[in-house]
Amino acid sequence: MFLKQHKARLANGQTVREGDLVEFTNSDGEKCRSPIERDVNNPKRLFFWNNAFEIIDYKNAEKVDA
């Protein structure tokens, strides 16, 4: 049985699901905003911004109310 990831936790403790809008400030001080997506290379896994990193790696990411 293949279990899909349905939710993830940000570093600040907020819970996010696929499609939720998340924003972080990069090292240049720019606000970067993107939805939580399903990884095309591993459809069981959710990712944010860059699928080579874990969602929790974005230390200042926060869920944005659209």
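**A tour of the sheet 4-3-7 and its surroundings**

Begin by selecting V22, which stands opposite K63 in strand 7; strands are DSSP runs of E with at least two residues, numbered from the N terminus. The model is predicted, and local features need pLDDT of at least 70, side-chain atom pairs count only at pLDDT 80 or more, and totals for chains, interfaces and linings use all residues. Residues are numbered from 1 along each chain as its sequence is written, and side-chain values use heavy atoms, with hydrogens and water left out.

Next, display the whole sheet. Three strands form an open, antiparallel sheet in the order 4-3-7, where two strands pair if DSSP finds at least two bridges between them. Strand 4 and strand 7 (62-63) are the edge strands, each pairing on one side only. Strand 3 (residues 21-25) is joined to strand 4 by 5 bridges and to strand 7 by 2 bridges.

Now select strand 4, residues 31-35. C32 and S34 form its covered face, whereas K31, R33 and P35 form the uncovered one.

Return to strand 3 and select E23. Its bridge partner in strand 4 is R33, and the side chains of E23 and R33 are also joined by a polar contact of 2.9 Å (a pair of N or O atoms within 3.5 Å; within protein, one must be able to donate a hydrogen and the other to accept it, and residues adjacent in sequence count only if both atoms are side-chain atoms). Is E23 buried or exposed? E23 counts as buried because its relative accessibility is 16%; buried means under 20% relative accessible area, exposed over 50%, and partly exposed in between, with a 1.4 Å probe and protein chains only. Beyond its neighbours within four places in sequence, E23 is in contact (heavy atoms within 4.5 Å) with residues including F48, N60 and V64.

Select the largest nonpolar core next. It has 12 residues, among them V22, F24, C32, F48, Y58 and A61; such a core is a set of buried Ala, Val, Leu, Ile, Met, Phe, Trp, Tyr and Cys residues joined through side-chain atoms within 4.5 Å. With neighbours within four places in sequence left aside, the contacts of F24 include C32, F48, W49 and Y58.

Finish at W49, in the loop between strand 6 (46-47) and strand 7. W49 has a positive phi near 65°, in a residue other than glycine. W49 counts as partly exposed because its relative accessibility is 41%.

How values were computed: Helix = DSSP H or I, 4+ residues; strand = E, 2+ residues; numbered from the N terminus.
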